[in-house]
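Please look at the sequence and the structure shown here. The paragraphs after them go through the arrangement of the copies, the confidence of the prediction and the contacts.

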Protein chains: 2
Amino acid sequence: MVDLTASRARPRVRVESVEEAVEELRTHGLRVSAARRLVLEALFATDTPLSARQIADGIAGRIPRSDVASVYRNLETFEELGLVRHVHLGHGPSLFALAHANAREYVICESCDAVRAYEPTQLDAVRAAVRDVSGFEARFDHFPLAGHCPTCADNRGT
Amino acid sequence: MVDLTASRARPRVRVESVEEAVEELRTHGLRVSAARRLVLEALFATDTPLSARQIADGIAGRIPRSDVASVYRNLETFEELGLVRHVHLGHGPSLFALAHANAREYVICESCDAVRAYEPTQLDAVRAAVRDVSGFEARFDHFPLAGHCPTCADNRGT
């Protein structure tokens with residue numbers, strides 16, 4: 001599995017199209033292989049984060065299939081450049097998105113794996129409450145808020 | 001790696017000593033091997049969650065060393081019984097604790113891996129803010145709150 005922690009510190013690079021992303025690769029002296037282009041096309045084809053497996057499977061026939069290990073390597077390269085970021089949604093695999101195009105934060109249900117996406121401002125009250133207790137500046141775009149969704153909470157009697 | 005998701009739904013069993021835990025194993029028809037006893041001794045020897053590796057390494061000489069794969073298997077068995085639970089602290093390995101003995105919730109720093117432990121009531125205002133936005137009942141004992149600690153937040157200028 002890819003260790004992406006360090007790369008999170010890199011500045012996020014905004015690219016508006018596959019071609020702009022390709023240009024960014026070239027600027028850094030990186031080869032623009034067909035495999036790399038496919039990953040970029042997948043990320044631009046959707047506005048929800050994708051797993052490496054979904055990209056390798058061609059996101060339901062929208063792009064050609066590719067090799068999952070290669071997808072992981074290329075996502076890692078893109079994350080090091082600041083083009084891509086990842087989010088951990090519970091116990092599942094990390095999901096990947098364009099670094100700037102999808103500035104969402106997430107709340108996940110540990111029981112049924114439901115995921116809700118929010119604009120960051122919608123969670124500012126949560127952030128303020130965390131700051132009051134701990135002094136930490138919380139963010140939920142990388143490690144989401146976790147708990148039980150209303151349905152699962154009802155079922156548990158909590 | 002152990003898939004522990006399903007086991008989280010099991011009720012937590014309170015045991016006050018290694019001997020009570022051993023009794024719980026016997027009640028479920030499980031063999032009380034030396035390896036299993038070592039894992040229980042490790043969990044009772046500290047009030048902070050431990051990684052399987054720390055347990056296998058003998059928690060700094062406090063118990064004999066053992067095999068990490070065996071430690072994982074036994075932790076899984078104990079979690080299925082409700083004796084043990086795990087917490088994900090960022091990108092690192094899961095940590096394990098007695099299910100009832102350490103009812104803490106956690107805030108982690110994504111940058112420097114700092115971890116702060118809180119009594120659940122200390123994070124009730126955060127929980128209320130999450131409930132207001134999403135209706136979710138948040139908990140931070142399994143997937144912690146994540147963000148940047150005051151020092152790292154200062155360094156980032158956020």
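**Two copies and an axis**

Chain B is superposed on chain A by a rotation of 180 degrees with 0.0 Å of shift along its axis, and the RMSD is 0.0 Å. The superposition is done by least squares on the C-alpha atoms of residues with pLDDT of at least 70 in both copies. The two copies are therefore related as by a two-fold rotation axis. In chain B, Val126(B) has the C-alpha nearest the axis, at 2.8 Å from it. Both copies use the same surface: 100% of the contact residues of chain B recur in chain A, where contact means heavy atoms within 4.5 Å.

This is a predicted model, in which local features need pLDDT of at least 70 and side-chain atom pairs count only at pLDDT 80 or more, while totals for chains, interfaces and linings use all residues. Residues are numbered from 1 along each chain as its sequence is written, chains are lettered from A and ligands numbered from 1 in the order in which they are written, and side-chain values use heavy atoms, with hydrogens and water left out.

How confident is the predictor? The pLDDT is its confidence in each residue, from 0 to 100. For chain A the mean pLDDT is 88, and 92% of the residues reach 70 or more. Residues 1-8 of chain A have a pLDDT below 50, and this stretch has 18 contacts in the model beyond near neighbours in sequence. For the complex, the predictor gives an ipTM of 0.77 and a pTM of 0.78.

**Between the chains**

The contact between the chains takes 36 residues from chain B and 36 residues from chain A. About 3,100 Å² is buried between them, and carbon and sulfur atoms give 66% of this area. Buried area is the accessible area (1.4 Å probe) that two parts lose on being put together, summed over both.

How many salt bridges are counted between chain B and chain A? The count is 2, a salt bridge being a side-chain nitrogen of Lys or Arg within 4 Å of a carboxyl oxygen of Asp or Glu. Glu110(A) forms a salt bridge with Arg139(B), and their closest N and O atoms are 3.5 Å apart.

**Within chain A**

Chain A is divided into domain 1 (18-98) and domain 2 (105-156), with bounds that come from an automatic or database domain assignment. The C-alpha centres of these two domains of chain A lie 26 Å apart. Their contact takes 7 residues from domain 1 of chain A and 7 residues from domain 2 of chain A. The area buried between the two domains is about 610 Å², of which carbon and sulfur atoms give 65%. Between these domains of chain A the count is 0 salt bridges.

Terms used:
pLDDT = per-residue confidence, 0-100.
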